[in-house]
Amino acid sequence: MGCVIAPVAGHADIVEDSHLKVDMKNFYLHRNFTNSSAPVSSVHSWSQGFDLQFTSGYSDTPLAFGIDANAQYALRLDASGNDGSLPYSVTEQKAADDYGRAGATLKMRYSKTELKIGDHRPQLPIAFNDTSRQLDTIYQGAVVESKEIDGLSLTGGRFWSAVTRESSNHEKLYKWGSRDDLDSKGLDFAGGTYNLMPNLQASYFYGKLHDIYQQHYFGIMHMADLGAGYKLKTDLRYFNNSEDGDAIAGNVDNRSYGALFTLLKGSHMFGVGYQRMLGDSVFPTLNGYIPNPYLVHWSSLAFVRPDEKSWSVRYGYDFAAMGVPGLKFNTRYTKGSNWDRGPGLSDNSESERNINLSYVVQDGPLKGLGFDLRNINTKQKYGSDYDEYRLYTTYTWTFW
């Protein structure tokens with residue numbers, strides 16, 4: 001009798017502890033090129049996206065198992081030119097009418113160690129999920145995460161493909177900026193984060209994109225209580241990037257130092273940052289210009305060019321202190337210089353200013369409905385200048 005009941009109970013946990021939701025995003029982007037010599041004056045897109053996510057529970061067995069599934073779909077409402085938000089046909093000179101993708105993840109858990117094989121949306125120094133446009137980046141791979149030791153989180157595995165923000169198809173991984181047929185057999189990685197003290201955290205990760213590049217990451221985060229309601233958060237981050245194996249995508253010589261200091265007081269946030277690139281090549285990123293927000297100045301321009309040094313100031317305010325919960329304001333200005341453009345060329349400089357205003361409805365029938373308005377203004381001594389607006393309207397419908 002016990003042999004019959006156990007599988008039924010295990011199946012019940014998988015179903016009863018499951019969740020199903022759909023994230024909906026209406027996204028509009030308009031970019032004006034302000035250079036008089038720009039090939040086009042502007043590009044824009046408007047789309048509606050749906051992200052259906054099923055998360056199962058785990059079976060009630062010593063080696064527990066479950067399965068997650070996801071399906072994404074986006075419909076173009078309007079578009080002109082290629083702004084990187086939707087699949088774009090160079091031959092037809094138009095964005096796709098719609099696009100989508102779907103996948104699943106098998107998961108197994110023993111004690112506090114979990115293995116997932118299939119689709120992933122990582123937020124790691126060596127691979128990150130891109131949510132900046134319409135549909136998310138989805139990686140395929142096998143990832144194991146262990147939290148057996150209190151305060152220590154260990155992660156490792158391999159990603160072998162990715163479907164980027166403007167694609168329906170998984171592609172093998174390659175270095176952005178090189179030919180997309182210069183594929184790697186996969187990105188192997190391992191690392192961990194350890195809470196040395198309640199207010200001090202250290203991280204190390206290593207990634208190896210076979211025959212293309214290898215990457216080391218070190219990070220330290222500290223939160224200091226200064227008294228009188230003031231707190232100071234310190235983020236120190238370092239990357240070391242070099243070519244790997246046959247170096248099929250060419251030389252990789254880049255090291256990045258970053259420091260971000262953030263002063264917090266009530267609803268106010270004020271930060272200053274510094275970032276320095278060393279070496280002869282740009283900071284390496286994956287297919288489709290997948291972002292790396294672990295760089296303290298990652299943004300539209302990213303400030304990742306050879307030998308570039310950049311600094312930033314930022315400010316944020318939460319209007320809950322003024323009786324308007326859900327309304328937040330953030331702004332940032334970043335200036336980069338010393339960008340080495342190569343022998344015989346003078347150095348480049350660039351700047352970016354970001355303004356972000358967001359609001360989430362807190363109660364009533366529209367509770368959870370979010371609005372996010374962003375303005376990005378960029379300038380380069382040698383290159384394209386643009387002024388860009390992005391408007392996101394988001395809502396999550398939870399079925400169970």
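The exercises below, each with a worked solution, concern a predicted model.

**Exercise 1.** Determine where asparagine 241 lies, whether it is buried or exposed, and which side chain it meets in a polar contact.

*Solution.* Begin with the secondary structure, where asparagine 241 falls within strand E16, which spans residues 230-243. Next, take its relative accessible area, which is 1%; because buried means under 20%, asparagine 241 counts as buried. Then turn to its side chain, which is joined to that of glutamine 215 by a polar contact of 2.8 Å. Finally, leaving aside neighbours within four places in sequence, the contacts of asparagine 241 include Gln214, Val252, Asp253 and Phe283.

**Exercise 2.** Describe the largest nonpolar core and the residues with the most contacts inside it.

*Solution.* Start with the core itself, which has 26 residues, and in which Phe159 and Leu187 have the most contacts. The elements that give two or more residues to this core are strands E10, E11, E13, E14 and E15. Apart from this core lies another, of 5 residues, among them Leu86 and Tyr99. Returning to phenylalanine 159, its contacts beyond four places in sequence include Tyr139, Val143, Leu173, Leu187 and Phe189.

Definitions and conventions:
Residues numbered from 1 in each chain as written. Predicted model: local features only at pLDDT ≥ 70, side-chain atom pairs only at ≥ 80, totals over all residues. Heavy atoms only, no water. Helix = DSSP H or I, 4+ residues; strand = E, 2+ residues; numbered from the N terminus. Buried < 20%, exposed > 50% of the residue type's maximum accessible area, 1.4 Å probe, protein only. Polar contact = N/O pair within 3.5 Å; in protein donor to acceptor, adjacent residues only side chain to side chain. Contact = heavy atoms within 4.5 Å. Core = buried A, V, L, I, M, F, W, Y, C linked by side-chain atoms within 4.5 Å.
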